[in-house]
Structures are given as structure tokens and as C-alpha cells.
Amino acid sequence: MNLELYKSLYKNTLQKEFRNKTLLFFFLITVAIIVLASVIISAVKESMASGAGQVEFFGDAQIIPIFFMVIGSWNVMLGIFFGINCVKSDINLGVIQQILSFPIDRKAYLLIRVLGSWTIVMLYYSVSMLLAFILFSTSLGEMTEVGNVFVAMIFSFLQVLPAIVIGILFSLYFERIGAFLLSFFTFLFINASNSYVGIKGLEDVLADLSFFKVCALFYYYAFPRMSVIGNYSSSAILGKAEWENLPVELLHFSLSLSFLFIVISLLFKKKSF
């Protein structure tokens, strides 16, 4: 195993994305959204405080957790984007043949590209969360627990990983726009199945099976439960997360993500460049 070669490939993943102006564009949009949300929240709180009541931003109103959930979903979209781009750019530029000509396993190549893209999204998300935390704390004169934010960030990081892998899957067979749309709809189907099976319960879903229910079960068990992991992030902001099922969910998340990566590795191995 050539560790120096793998390190160079990981560094190349970071460098080529940081040189991409799209990342800066996404970051500026995020900053603008956070600043605007901070201004609106501050104005609403002042208006309510001078009127009949108060607004509990970290309580039942859940304005802050909802905002962080939106930011988390936005980062899933970024995960899809960078997942598509990390391999597709190599294919389109014709450099993938050169990279694979080195003594590097194709599975290792994919894994390093995934880890590099994941690192970029984690850094991006961390900066966004830090900025939001500072601005909202200033605007509200109160803040959520730092520990809650840290736990929420960990689950948000995990939620991004399947998005990157799914993005890579579709990038092998479709151009960027088509791959993004298919990845996005897959993300929606996964979340819809998570909600449906989670609300109905397995026993009710298995009763009177239909094509729709079979599809829901397939997405629920075959893919990482991204929305379930995202829900842990949102509830952690409030300090109201229920951890009883966490070991089971993390086990399913790990196994399904590993299976998905193995499938993509096998498909990638059969591709000729």
C-alpha cells in the first residue's frame, strides 16, 4: 500500500474543489441566508417582546432547530454535488486513466475521493454553524448549549456521507445535471420511506402489501436512513433527542452505507476509461 500516493490523492481532492469557484458561491449564499435569518429573528423577537408575549426560539416554537435542519439539508445537497464532481471531473478531464495507471486500487480511489469530499463539506458546515451560532446568540441574547450543537453537527456530518456516495453512483452513468436530479430524487424517496415506515410501523406496512409499500420497504432497509440521522441532529439542538434506538440505527446506517459503497465499487471496477 503506497500511503504517500493515497495522501497525494486525498490532497488533490481538497485542492481541486477549493480551486472551484462554485464552493465560494455556495458559501456566500449560505452566509447571506444566515445573516438574513439572524436579522429577521432579531426583528421578530423585538416585535414580540414589545407586544403581548415572548418568543421561545429554542423551545416549542423550534425556530432555531428548523433553521439548522434547513442548513443540514442544504449540506446534503452539497454532499451530492461534491460526490458527483469528485469523480465526474476526473472522467470529463480525462485524467482518471492517468490516476488509475498508478498502483492504486479502484476501491481505494473511490474511498479517498469520498473522504476528501466529506472533509470539504464538514469544513463548510462547521464554518456555517459557527457563524450561525455567533450571530443568533448575538441577536437573541441567549444561546443553545454548545454541547448540543456539537452533537447535532456529528449527526449532520454522518448524514452527508450517503449523499456523497449516491452522487458518485449516478455520476458514473449520467452527466452532472442528470446525476444531480437522480441523486436528489433518491434522497427524497429515502426520506419519504423513512417517514412512512417510521410513522406506520413495520407491522402496518407489511399488512396488505402493495407496490408502493414494497418500494418504501426497499428504500427503508436498503439505503442509509438519512432523515432518521437528520432527526437526531435536529432534536439534539433542543436537547430532546431520544437515544434508545440509536445503536440499532447506527448499525443499520453503517451496514447499508458499506453495502452501497461495495456495490458502487463493483460497478466502478467494471467501467472502462
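Tutor: At 48% relative accessibility, Val70 counts as partly exposed. The cut-offs are under 20% relative accessible area for buried, over 50% for exposed, and partly exposed in between, with a 1.4 Å probe and protein chains only. This is a predicted model: local features need pLDDT of at least 70, side-chain atom pairs count only at pLDDT 80 or more, and totals for chains, interfaces and linings use all residues. Residues are numbered from 1 along each chain as its sequence is written, and side-chain values use heavy atoms, with hydrogens and water left out.

Student: Which helix is Val70 found in?
Tutor: Helix 3, residues 63–93. Helices are DSSP runs (H or I, at least four residues), numbered from the N terminus.

Student: How far is the C-alpha atom of Val70 from that of Ser234?
Tutor: The separation is 9.7 Å. Along the chain, the two are 164 residues apart.

Student: New topic. At what angle do helix 10 and helix 11 cross?
Tutor: Roughly 135 degrees. Their axes come within 10 Å. Helix 10 covers residues 226–238 and helix 11 covers residues 246–270. Axes are lines fitted to C-alpha atoms, for helices over the stretch in contact, and angles run from 0 to 180 degrees between N-to-C directions.

Student: What do we call that arrangement of helix 10 and helix 11?
Tutor: Oblique. Under 35 degrees is roughly parallel, over 145 roughly antiparallel, 65 to 115 roughly perpendicular, and the rest oblique.

Student: Which residues of helix 10 and helix 11 meet?
Tutor: From helix 10, Val228, Ile229 and Tyr232. They meet Leu246, Glu249, Leu250 and Phe253 in helix 11. Contact means heavy atoms within 4.5 Å.

Student: How do the residues of that contact between helix 10 and helix 11 divide?
Tutor: Six nonpolar, no polar and one charged. Ala, Val, Leu, Ile, Met, Phe, Trp, Tyr, Cys and Pro count as nonpolar; Asp, Glu, Lys and Arg as charged; the others, Gly among them, as polar.

Student: And what about helix 6 and helix 7, at what angle do they pack?
Tutor: About 135 degrees, with their axes 9 Å apart. That makes helix 6 oblique to helix 7.

Student: Which residues meet there, in helix 6 and helix 7?
Tutor: Ile166, Gly167, Phe170 and Ser171 in helix 6 touch Ala179, Leu182, Ser183, Thr186 and Ile190 in helix 7. By class, this contact has five nonpolar, four polar and no charged residues.

Student: Last one: is Ile177 buried or exposed?
Tutor: Exposed, at 68% relative accessibility. Ile177 lies in helix 7.

Conventions: Helix = DSSP H or I, 4+ residues; strand = E, 2+ residues; numbered from the N terminus.
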